[in-house]
Amino acid sequence: DDGTKIVNFPKLHIFNAKNKDYVTDGKFKKMVRVAKEMRSIMECCYRSAREISSFEIESLLYNVPDKVYAKYSHYYAFIFNEVVSYLYSNLHNVKYFNEVNDIKPLCLDPSREKVLQSFISDLKKFYEYDLTEA
């Protein structure tokens, strides 16, 4: 709207997301849907959930190594826990993560890095509570 040029790579984004989903035997997209649903539930109580975009959630999960998705075959609660644990143990590396297009850095703006880190921390707390209550 303000005339600022936006550069993105939608075809590469789609290709990389489909490839990641294929390599992870369909788990990548399932875990992205779970993370987005968790964010939706968290929005009432966590500021970070209101500040993070769907695009950023997908990009965070894209940066999780394929082997993390492969640890369990069909126990999605365990897979999601592994994904969140990986992200949490790599909070300091978020600044090096890329968007799903694998070209642009996810955190061009340093303030976004703090939002992503806060969301990961809040998601871990929220999901651990959810697991213990189940």
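A polar contact is a pair of N or O atoms within 3.5 Å; within protein, one atom must be able to donate a hydrogen and the other to accept it, and residues adjacent in sequence count only if both atoms are side-chain atoms. By that criterion, the side chain of Asn-93 makes a polar contact with the side chain of His-92, at 3.5 Å.

The structure is a predicted model, in which local features need pLDDT of at least 70 and side-chain atom pairs count only at pLDDT 80 or more, while totals for chains, interfaces and linings use all residues. Residues are numbered from 1 along each chain as its sequence is written, and side-chain values use heavy atoms, with hydrogens and water left out.

**Overall architecture**

The protein chain contains seven helices and zero strands, where helices (H or I, at least four residues) and strands (E, at least two) are DSSP runs numbered from the N terminus. Its pattern along the sequence is α-α-α-α-α-α-α. The radius of gyration of the protein chain is 15 Å, close to the 14 Å that the globule rule gives for 134 residues, so the chain is as compact as a globular protein of that length. This radius is taken over C-alpha atoms, and the globule rule is 2.2 Å times the number of residues to the power 0.38. Along the principal axes, the C-alpha trace of the protein chain spans about 50 × 35 × 25 Å.

Of the 134 residues of the protein chain, 40% count as buried. Buried means under 20% relative accessible area, exposed means over 50%, and partly exposed lies in between (1.4 Å probe, protein chains only). The accessible surface of the protein chain comes to about 8100 Å², and 54% of it belongs to carbon and sulfur atoms. These areas come from the Shrake-Rupley method with a 1.4 Å probe; for residues, only the protein chains shown count as cover.

Among contacts in the protein chain with a separation of 6 or more, 67% are accounted for by residues 24 or more positions apart; contact means heavy atoms within 4.5 Å. The protein chain has 20 positive and 19 negative side chains, and the centres of the two sets lie 3 Å apart. Lys and Arg count as positive and Asp and Glu as negative, whereas His and the chain ends are not counted. The place of a charge is taken as NZ of Lys, CZ of Arg, CG of Asp or CD of Glu.

**The loop between α6 and α7**

Asn-90 lies in the loop between α6 (76-89) and α7 (110-133). With a relative accessibility of 12%, Asn-90 counts as buried. Its side chain reaches the backbone oxygen of Tyr-86 at 2.8 Å, and the side chain of Asn-90 also makes a polar contact with the side chain of Asn-93. Asn-93 is placed in the loop between α6 and α7 and counts as partly exposed, at 22% relative accessibility.

Not counting residues up to four places away in sequence, Ile-103 touches Phe-9, Leu-12 and Asn-98. The C-alpha atoms of Ile-103 and Asn-8, 95 residues apart along the chain, are separated by 9.2 Å.

| Side-chain pair | Distance |
|---|---|
| Asn-90 and Asn-93 | 2.8 Å |
| Asn-93 and His-92 | 3.5 Å |
| Ser-111 and Asp-109 | 2.9 Å |

**Helix α7**

Ser-111 is placed in helix α7 and counts as partly exposed, at 40% relative accessibility. The C-alpha atoms of Ser-111 and Val-7, which are 104 residues apart along the chain, are separated by 20 Å. Asp-122 is likewise found in helix α7 and is buried, with a relative accessible area of 13%. Asp-122 touches Met-42, Tyr-46 and Ser-48, not counting residues up to four places away in sequence.

**Residues with positive phi**

Most residues other than glycine have a negative phi. Asp-25 has a phi near 60°, a positive value in a residue other than glycine. Asp-25 is located in the loop between α1 (10-23) and α2 (27-42) and counts as exposed, at 58% relative accessibility. Asp-102 has a positive phi near 65°. Asp-102 lies in the loop between α6 and α7 and is partly exposed, with a relative accessible area of 42%.
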